[in-house]
Amino acid sequence: MTVTLERVLRAFLDDPAVPRYGYDLMKAAGLKSGTLYPMLGRLEDDRLVTSAWETPQRDGERPRKYYRLTGEGVRVARLELAHVSAGRSRAPGRQGRPVPGSPG
Amino acid sequence: MRGERRLLRVGEYLIGRASRLLPRQTREERYREWAAELPAILRDPDTRPAARRAARMLRYAAGTIRGTALAPSNARVRATVIVTVFMALMTAVFAVSIGTVVVTNTISAVDDPGNWVPYFWITTGVVNLSWSCRTVARHLRRGERPMAAVRGAVLDFGVWIIPDWLLSRLLRAVGADRSDLPATAAAAYSPAPTPAAPAATAEQAVSLARDTVGHFYRARLRPGYRTADVDEFVARIEATLTADGLPGQVVTAADVEAVKFGTTRRGGYDEMVVDQALDHYADGLAKRALSP
């Protein structure tokens with residue numbers, strides 16, 4: 001899993017029930033529009049994310065498109081993120097240089 | 001926010017361009033989705049000041065163009081083909097131009113072996129070409145697509161060509177590179193100048209002088225002769241040669257040899273080129289005076 005995908009999934013999983021719009025996800029994940037939207041498109045194709053148009057609140061306001069994880073998406077995202085976290089904790093830490101004067 | 005409508009129009013234009021790269025069935029929906037975000041970005045209360053919001057909105061709109069290039073669709077294939085053809089053309093242009101630089105400078109080096117400038121450009125050109133070929137080979141060896149190899153080569157050419165161009169302008173400005181001068185004038189600048197072959201007739205000398213005048217060269221970073229003074233004096237010589245000179249305005253070979261021009265710190269005519277032209281004029285005027 002790429003770091004960018006991980007960030008998007010984490011943003012969704014902050015509150016999986018809340019639908020998020022593109023700019024909101026961009027801010028939360030720290031991604032550019034050119035990276036985020038193709039990724040959302042792929043997640044939608046895999047049926048991990050679903051989208052819906054909002055009803056405009058005021059006249060003349062353009063409706064926005066909201067995204068949220070599907071049930072399957074939530075399950076897969078949690079599994080994948082847990083896998084990533086486990087992999088990180090298992091990875092051996094870098095051998096640091098010994099502090100001058102320390103034994104060994 | 002002031003100018004909001006105009007900014008929104010710019011953003012919508014960029015998004016429109018991005019949408020055009022998408023397949024027909026998703027184009028309209030994507031446009032509506034992205035365009036709906038623009039006012040929200042411009043009014044985002046978390047981002048301050050307003051200029052930052054405007055910049056963020058434009059970055060968002062421009063980013064959608066990049067995003068559409070990554071989207072899996074037929075349009076992506078078309079865009080990739082266009083970019084590949086463009087990149088290949090750019091590579092060809094760069095390669096031909098660097099090849100030309102190497103060939104012309106090799107000829108110059110053969111003609112004038114004492115001048116260091118052609119050797120410098122030959123070395124630079126060969127290094128450019130070999131570096132770029134190495135980039136292409138490295139990409140291909142790694143099994144990457146030819147597109148990545150071409151892109152790497154174009155970037156390498158670009159990285160080399162800009163400093164090369166600036167350096168060439170600098171060398172010309174300080175007078176080290178005189179490849180754009182006529183052969184007679186350029187000969188005067190070689191480290192060991194060879195005297196120009198004397199003209200056989202007055203007409204030949206005048207013709208050489210006029211040729212050199214046509215290539216007067218502004219010394220941008222060195223002192224040079226004041227252009228107005230030189231132009232006026234050359235006009236007087238020409239009037240004398242065409243028999244239009246007024247009494248008292250007629251110029252003799254001795255006048256040409258004795259003339260002194262004012263100088264400017266920058267932007268004046270290159271002194272050696274002017275002196276070369278004046279030598280030819282003096283020669284022509286002297287020969288005319290001797291002929292019956």
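Predicted model: local features only at pLDDT ≥ 70, side-chain atom pairs only at ≥ 80, totals over all residues.
Confidence comes before the details. The model as a whole scores ipTM 0.79 and pTM 0.44. Chain B averages a pLDDT of 78, and 78% of its residues score at least 70. One stretch of chain B, residues 182-195, has a pLDDT that stays under 50. Even so, the model has 28 contacts beyond four places in sequence for that stretch.

Next comes the sheet of chain A. Three strands build it, and it is an open sheet with antiparallel pairing. Reading across, the order is S1-S3-S2. Strand S1 (20-21) and strand S2 (49-53) stand at the edges with a single partner strand each, so one side of each has no neighbour in the sheet. The pairing of S2(A) with strand S3 (residues 65-69) is antiparallel and runs over five bridges. As an example of who faces whom, Trp53(A) has Lys65(A) in S3(A) as its bridge partner. On the S1 side, S1(A) and S3(A) also pair in the antiparallel sense, this time over two bridges. Here Arg20(A) stands opposite Tyr67(A) of S3(A). As for side chains, in a regular strand they alternate between the two faces of the sheet.

Now for the helices. Two packed helices are described by the angle between their axes and the distance between the axes. In chain A, the axes of helix H1 (residues 3-13) and helix H3 (residues 33-45) come within 11 Å and cross at roughly 75 degrees. H1(A) and H3(A) are therefore roughly perpendicular, since angles of 65 to 115 degrees count that way. H1(A) brings Thr4(A), Leu5(A) and Val8(A) to this contact, while H3(A) brings Thr35(A), Leu36(A) and Met39(A). Sorted by class, the residues of this contact are four nonpolar and two polar, with no charged ones.

Helix H8 (residues 202-213) and helix H11 (residues 271-290) of chain B have axes that come within 8 Å and cross at roughly 160 degrees. Angles over 145 degrees count as roughly antiparallel, which means H8(B) is roughly antiparallel to H11(B). The crossing of H8(B) and H11(B) is left-handed. Residues from H8(B) in the contact include Ala202(B), Ala205(B), Leu208(B) and Val213(B). From H11(B), the contributors include Val273(B), His280(B), Asp283(B) and Arg288(B). The residues of this contact divide into nine nonpolar, four polar and three charged.

Finally, there is the place where the chains meet.

Notes:
Residues numbered from 1 in each chain as written. Chains lettered and ligands numbered in written order. Axes fitted to C-alpha atoms, helices over the stretch in contact; angles between N-to-C directions. Helix = DSSP H or I, 4+ residues; strand = E, 2+ residues; numbered from the N terminus. Parallel < 35°, antiparallel > 145°, perpendicular 65-115°, else oblique. Contact = placed C-beta atoms within 7 Å. Nonpolar A, V, L, I, M, F, W, Y, C, P; charged D, E, K, R; others polar. Pairing = 2+ DSSP bridges. Left-handed = near helix turned anticlockwise from the far one by under 90°. pLDDT = per-residue confidence, 0-100.
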